[in-house]
Amino acid sequence: MNMTNDVTQNITPSTAKKTNVRWIVVAILFIVTIINYADRATIALAGPEIAKDLHMDSVAMGYIFSAFGWAYVLCQLPGGYLLDRFGSRKVYAGSIFFWSLFTLFQGFVGFLAGFTAIATLFALRFMVGASEAPSFPANSRIVAAWFPAAERGTAAAIFSSGQAAATVLFGPLMGWLVFTYGWHYVFVVMGALGMLFTLVWNKFIHNPKDHPMANEAEIEYITEGGGLVDMDQAKKDGAKQDGPNMKYVKQLLKNRMMLGIYIAQYCINATIYFFITWFPVYLVQARGMTILKAGFAASVPAIFGFVGGILGGMLSDFLLKRGYSLTIARKIPIIVGMLLGTTIIACNYVDTEWIVIAVMSVAFFGKGLGQLGWTVNSDTAPKAMVGVSGAVLNIFGNLTSIITPIAIGYIIKITGSFNGALVYIAVHCLVAIFCYLFVVGEIKRVELKD
């Protein structure tokens, strides 16, 4: 027995077979992102029935859809600060619990009436947005800590693809719940599920050096590849952390590369917010589907979005490993993906249901392929400000969660159709392409100036 222990102790990190706990970590990020986006999308699937019960027109629904975005954007910098101050694990756990709790509470809005019900629904959507604010900056921080640069694209693509997987997995379920039991049950079921997942999070998510399942060989591999394994060590040791330094935030905003990335993220996210807010309504109102059929139909483009998301990260890392520069490896999937995203406008010229779904699938695949913004953030964020940098990226990326639902609501009311809404999304794809071709330039890590 002693001989076995002696032999084990003599194995160095360079000779021991490394563990692969980082892939378990990213799998948890993928699952929590599915829950995250499913909770955002509850309002879309329930939207037609809520509008009927609460007597809301398209503009009122646009504002309800946008309530999440107001809080999500306003709380980004505070959320990024909390992440850099207390670490990803604790802050994210609280985030999951509270956004799920406020999701569950939405199921009881039906007991109210008139303006009170609408105001309460808006307030609860607002609180979901505030609670979810640290989520994606935390995903980016965790990937930066757990993954070497050569695997970062795939890792970020895996968790980002949870956006599409949410509709694939929960779209049909939520459609069935609304159709069978009523819209209230969607919020109760999804809220309870998220609260339970907090237990899973606390069991499997730890800092790299503190994880009970990761060995020294894996930590060494991550460190040598550029992973920031010590990112949260100061929090563990009790070191004091300063709040977000606005001087450094201003440096990010004045950096041409970062500004191009931020604007592109805004445009790329316009597509996903169309799909998780107005798309089911589009299928019901513009294409005459029942809410049950719309729930299943909406999941088809989401499958392609999920596949595109995984392939985008894999393609980027493949190009990097083949010797292409970081700039080329990150930009190619984004540009190609956004070109595919512009095909959404073709739905204005077809009437057959399966063709509409096919075109939407191509567009959603393109959005998935190009959703490398969080990978680029991991590549470019200053080492001491990964959380805050991610928060700034998320502010830009989710301003569209405010503007897009409202803009589409007004487009529908003014024009009487969804045609202008699809043009709106296609134009955003073109602007994202312009940013990465002519504004971003070389992709590299930002060095802050004192």
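Residues are numbered from 1 along each chain as its sequence is written, and side-chain values use heavy atoms, without hydrogens and water. Because the model is predicted, local features need pLDDT of at least 70 and side-chain atom pairs count only at pLDDT 80 or more, whereas totals for chains, interfaces and linings use all residues.

Helices here are DSSP runs (H or I, at least four residues), numbered from the N terminus. The axes of H4 (residues 76-86) and H5 (residues 88-105) come within 7 Å and cross at roughly 135°, where axes are lines fitted to C-alpha atoms over the stretch in contact and angles run from 0 to 180 degrees between N-to-C directions. H4 is therefore oblique to H5, a class left for angles that are not under 35 degrees (roughly parallel), over 145 (roughly antiparallel) or 65 to 115 (roughly perpendicular). In contact, meaning heavy atoms within 4.5 Å, are Leu82, Leu83 and Phe86 of H4 with Ser88, Lys90 and Val91 of H5.

Asn398 lies in helix H19 (residues 386-415) and is buried, with a relative accessible area of 1%, the cut-off for buried being under 20% with a 1.4 Å probe and protein chains only. Leaving aside neighbours within four places in sequence, Asn398 is in contact with Arg40, Gly69, Tyr72, Val73, Asn269 and Tyr273.

In helix H16 (residues 326-341), the end C-alpha atoms are 23 Å apart, which agrees with the 22 Å that its 16 residues should span at 1.5 Å a residue, the expected span being 1.5 Å times one less than the number of residues. Buried residues of H16 include Thr327, Arg330, Ile334 and Met338, and the helices that the buried residues of H16 pack against include H8 (149-160), H14 (256-285) and H20 (419-438).

Notes
Helix = DSSP H or I, 4+ residues; strand = E, 2+ residues; numbered from the N terminus. Buried < 20%, exposed > 50% of the residue type's maximum accessible area, 1.4 Å probe, protein only.
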